[in-house]
Amino acid sequence: MFSLWPFVNTVILSLTDAQILKGGRFVGLENYGRALGDPDFWTATVNSVVYLAVVVPCLVLLPLALAVLVQRKIPGIGFFRSAFYTPVIASAVVVGLIWQWVLRSDGLVNTVFEKLHLISGPVPFLTDSTMLLVSAMIVTIWKGLGYYMVFYLAALGNVPASLYEAAALDGAGALRRFFSITIPSVKPMMLLVGTLSAISALRVFTEIYILGGESGGPGGGARTLPFLIRQVGLGFAGETGYAAAISILLFLLTLVFSLLGHRLSKGDER
């Protein structure tokens, strides 16, 4: 009722010219052809793919490094584990508002840089499309670090300590043990984290909306596919049929990366 029917209904809507306040007529694949010829669709698609290409490697590697660090049993390490996980339980809206205050023209970062005479004018973190997209990526990475760190802590807990002890006796240093034991042992988890973070990156909306406003940055240059779907489908003149078609295209793009992650995990098992 809550999953299958909405999906089927979206497929049906994508084949019509339905709008918010009126039903539509069947138009076949016209909405898909329109999307493929729409510059806004391609801008949003490129932004979403670039977002994925930058965010996923960071969310695969950085949480692993954090997990290795906080796995150590030293006094006070519980505080750092909690601190790294705190952004995960914070509302995405609250996180976005905090970073908006930090990155705006008169915000913390620009104020500190100006006081240190590192810049002559405010850095356009939120008023330049490229900088806005980068800023949103930073927020996504910052918020996701603690979440995926827990995944890696679970995986590292299953690595036998005897492997590290034997390697140390053979003279392997910390780096050698990390690349020869830790990485191979958590590789399946790395593939899982990569798949989950890729799906999340393609669905990003809140960061762009909070930092860039309803337009998605200057001229809508930082819009992602979910942002474009909302923009096209809402309002009194909202084109729900066209928005549904873009939703299906986003689903297909997400499916491609999901199947790729599944294929890589299967290959790793073999």
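The following legends describe close-up views of a predicted model.

**Figure 1. A nonpolar surface patch formed by residues of α1 and α12**. The patch consists of L4, W5, F7, V8, I12, F251, L252, L255 and L259, which together have about 840 Å² of accessible area. Two elements, α1 (4-14) and α12 (240-269), each give two or more residues to the patch. Helix α1 provides the largest share, with five residues. One of the members, I12, is located in helix α1; I12 counts as partly exposed because its relative accessibility is 45%.

**Figure 2. The salt bridge between R34 and E239**. The side chains of R34 and E239 meet at 2.8 Å, N to O. R34 belongs to helix α2 and E239 to the loop between α11 (225-233) and α12, so the pair ties together parts that are 205 residues apart in sequence. R34 is partly exposed, at 37% relative accessibility. E239 is also classed as partly exposed, with a relative accessible area of 27%. A search of the whole structure finds four salt bridges, and this pair is one of the salt bridges in the model.

**Figure 3. The salt bridge between D40 and R223**. The closest N and O atoms of D40 and R223 are 3.1 Å apart. The pair links distant parts of the chain, with D40 in helix α3 (residues 39-70) and R223 in the loop between α10 and α11, 183 residues apart. D40 is partly exposed, at 34% relative accessibility. R223, by contrast, has a relative accessible area of 10%; R223 is therefore buried, as this value falls under 20%.

**Figure 4. The salt bridge between R104 and D106**. In this pair the closest N and O atoms lie 3.0 Å apart. D106 counts as exposed because its relative accessibility, 54%, is over 50%. R104 is partly exposed, with a relative accessible area of 35%.

**Figure 5. Polar contacts of the N31 side chain with backbone oxygens**. N31 lies in helix α2 (residues 30-36) and counts as buried, at 6% relative accessibility. A polar atom of the N31 side chain is 2.6 Å from the backbone oxygen of T16. The side chain of N31 also reaches the backbone oxygen of G241, at 3.5 Å.

Figure 6. A polar atom of the T111 side chain lies 2.7 Å from the backbone oxygen of G107. Between T111 and F41 the C-alpha to C-alpha distance is 36 Å, with 70 residues separating them in sequence.

**Figure 7. The largest cavity and the residues that line it**. The model contains one cavity of 30 Å³ or more. The volume of the largest cavity is about 40 Å³. Its lining is made up of A92, V95, G96, V139, K143, T206 and E207. Helices α5 (92-103), α7 (129-156) and α10 (206-212) each contribute at least two residues to this lining. The largest share, three residues, comes from α5.

Terms used. Residues are numbered from 1 along each chain as its sequence is written. This is a predicted model: local features need pLDDT of at least 70, side-chain atom pairs count only at pLDDT 80 or more; totals for chains, interfaces and linings use all residues. Side-chain values use heavy atoms; hydrogens and water are left out. Patches are made of residues with over 30% relative accessible area and no salt bridge: like charges are joined within 9 Å, nonpolar side chains (Val, Leu, Ile, Met, Phe, Trp, Tyr) within 5 Å. Accessible areas come from the Shrake-Rupley method with a 1.4 Å probe; for residues, only the protein chains shown count as cover. Helices (H or I, at least four residues) and strands (E, at least two) are DSSP runs, numbered from the N terminus. Buried means under 20% relative accessible area, exposed over 50%, partly exposed in between (1.4 Å probe, protein chains only). A polar contact is a pair of N or O atoms within 3.5 Å; within protein, one must be able to donate a hydrogen and the other to accept it, and residues adjacent in sequence count only if both atoms are side-chain atoms. On a 1 Å grid over the protein atoms alone, a cavity is a set of points where a 1.4 Å probe fits but cannot get out, and a pocket is an open set with protein on both sides within 12 Å along at least five of seven lines; lining residues have an atom within 4 Å of a point. Grid points are joined across faces, edges and corners, and a volume is the space filled by probe spheres set on the points.
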